[in-house]
Amino acid sequence: MDKMEEELCQLAELYALGGLNETDLQQFEAHLEGCAACREQVKELRKLTDILPLAAVQVPPPAGMKSRVLGKILAGREAGGESGNPAPTPKTINGPEPEPEFISAGTRNPVPAPPPKLSGTPAKHSNKRLRYVSVVLAAAAASLTIYAAALQRDVGALRQELAESSEQVSGLQAQLALAGAPSQELKVNEAVQLGPAAEDIIARGLATIVIDAKGTHLLVQAEKLPKLSGSEAFQVWLIKGDVKKSAGTFLASEGTGAMYYTFDPQGYDTVAITQEPDSRGEQPRGRLILAAPIEG
Amino acid sequence: MTEALDDRELMNRIGSKDPVALEWLYDRYEKTVYSFAYRMVQDAMAAEEVVQELFLRVWTHDERYDEAQGKLTTWIFTVTRNIAIDMLRRKSVRDRGIPVEAETLNALPDAGAGTADQVENKSEGEQMRKILSVLSRDQKQVIDSIYYGGMTQQEVSVRYNIPLGTVKSRVRLALKQMKKHLSVEGRREGYHG
């Protein structure tokens, strides 16, 4: 085996895990065709990677998700009409192209296959058949009207989204212009000591809220923080009643860490620091380390 | 797990546009697929979009399941992961921060009360979490970023400033270790991969 092939053998794990880019993927798949050892290895590794999704912590789906998901799919089906056999599936927003067999039922070729129970020669039943065809056509026309109306609603919603996006862009541009400028007239609005959330925690910290022309900023410093392991991180939360908003994450160096966050004052009542399993959570999952009441 | 209809029969009936069969499939996979999608996109709304797209593809046959490729569960997870990766690449959902449910601090993960028909796989999930927990911090980081974060080895290398060779060796070592533990756990709990 030459060196190149040997190097490709080293990619089996990344392949099974799904970590190869397009170029590597093509090369490895070509290699796989001729390398029985890699095929065997990938097969073995797949037993492991196939069940990796199950390691995800079970999260209850949002209320009403089932009816929304199935409703959208099946509404698409009904909007296309029930005339043909098989039922046509209209193109939905973001959806795939309808399959040719389905197009033929509704639009391109308006004559459907004869109903299965018809017997005898077509001429003998031409009247009956004609009636059937017109019923089908009427149903198809009606469903197309419904479908068109649904599309118009979608277009309307998209236009609105576009208008909102442009508003956001101008807002962001204004912020961007400010971002480059040095701080002026920075005023401390509030400074609170962060207290340990449990007796065995020796950490302490300071949360300061400062205001300048760019907005309201939260500065958090903490020391004697517990040691992090794995992909753990500290996360700062701004809390108002039951609602917790992440203000960002930070890592500590020898127990000392700090972070900075610009926010819209929303009457937050508490600032808290938790120790999280990773830095990607949007709601607290870990242990509460420090907290203090604020008037942010 | 008891199954009224096996996966193949269910997929055949969905192929002939039977909405009841779609609902059955949905009920069977909802929780598992949603949890996996949530793990990847870290956002309730985005995770629901992933689930929506998955079942749309199943219904429209945009993605076709071929029995020869293996179990339906595996196929469903693969399609789910692809959709989630597309979404992660399209928009950075992580920055949106729209908490749907106000969980309490230190909330314990839901123990998962699935019906018999749900693909619950609770013990497999626990087993997998146990296996992941033996990895070192560095190993966990690469597995996490690649599998759940949808990154390529090159992206991991840049993001965490680790040489590409190191990313590769960490992945190899991590999977090797996990495989070893899987077979140990498998023997203990009678799991047949």
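B:D7 is buried, at a relative accessible area of 15%. The cut-off for this class is under 20%. The model is a predicted one. B:D7 sits in helix α1 of chain B, which spans residues 7–15. Leaving aside residues up to four places away in sequence, B:D7 touches B:R28, B:Y29 and B:L72.

A salt bridge within chain B joins B:R13 to B:D18. The closest N and O atoms of this pair are 2.9 Å apart. B:R13 is partly exposed, with a relative accessible area of 26%. B:D18, in contrast, is buried at 16%.

The interface was examined next. The size of an interface is often given as the accessible area lost when the parts come together. Between chain A and chain B, the buried area is about 6,700 Å². Carbon and sulfur atoms give 62% of that area. Chain A brings 60 residues to the contact, and chain B brings 71 residues.

Polar contacts between chain A and chain B number 19 residue pairs, counted where both residues are at pLDDT 80 or more. On the side of chain A that touches chain B, the elements giving two or more residues are α2 (12–17), α4 (36–49), α5 (65–79) and β8 (287–293). Of the elements on this side, α5(A) gives the most, with nine residues. By residue class, the side of chain A that touches chain B divides into 28 nonpolar, 15 polar and 17 charged residues.

Salt bridges were then located. Over all chains, the whole structure holds 15. Five salt bridges cross the interface of chain A and chain B. In one salt bridge, the side chains of B:D144 and A:R280 meet at 3.4 Å, N to O.

Another salt bridge pairs B:R172 with A:E13, whose closest N and O atoms lie 3.2 Å apart. B:R172 belongs to helix α8 of chain B and A:E13 to helix α2 of chain A, so the pair joins two chains.

B:D27 forms a salt bridge with A:K66, with the closest N and O atoms 2.8 Å apart. This pair also crosses between chains, running from helix α2 (residues 19–41) of chain B to helix α5 of chain A. B:D27 is partly exposed at 29% relative accessibility. A:K66 is likewise partly exposed, at 26%. A network of salt bridges links A:K66, B:D27 and B:E23.

Helix α8 of chain B, residues 164–189, also holds B:L175. B:L175 has 0% relative accessibility and therefore counts as buried. Its contacts include residues of both chains: A:E13, A:L17, A:L45 and A:L48 on one side, and B:I143 on the other, with residues up to four places away in sequence not counted. B:L175 and B:L135 are 40 residues apart in sequence. In space, their C-alpha atoms are 9.3 Å apart.

One annotated region was considered in chain A. An unreviewed UniProt entry assigns "domain: Putative zinc-finger" to residues 10–39. In the model, this stretch of chain A is 77% helix and 0% strand. The C-alpha atoms at the ends of the stretch are 12 Å apart.

Technical notes: Residues numbered from 1 in each chain as written. Chains lettered and ligands numbered in written order. Predicted model: local features only at pLDDT ≥ 70, side-chain atom pairs only at ≥ 80, totals over all residues. Heavy atoms only, no water. Contact = heavy atoms within 4.5 Å. Buried area = accessible area lost by both parts, 1.4 Å probe. Salt bridge = Lys/Arg side-chain N within 4 Å of Asp/Glu carboxyl O. Polar contact = N/O pair within 3.5 Å; in protein donor to acceptor, adjacent residues only side chain to side chain. Helix = DSSP H or I, 4+ residues; strand = E, 2+ residues; numbered from the N terminus. Nonpolar A, V, L, I, M, F, W, Y, C, P; charged D, E, K, R; others polar. Buried < 20%, exposed > 50% of the residue type's maximum accessible area, 1.4 Å probe, protein only. UniProt positions renumbered as here; feature names shortened; annotations may be inferred.
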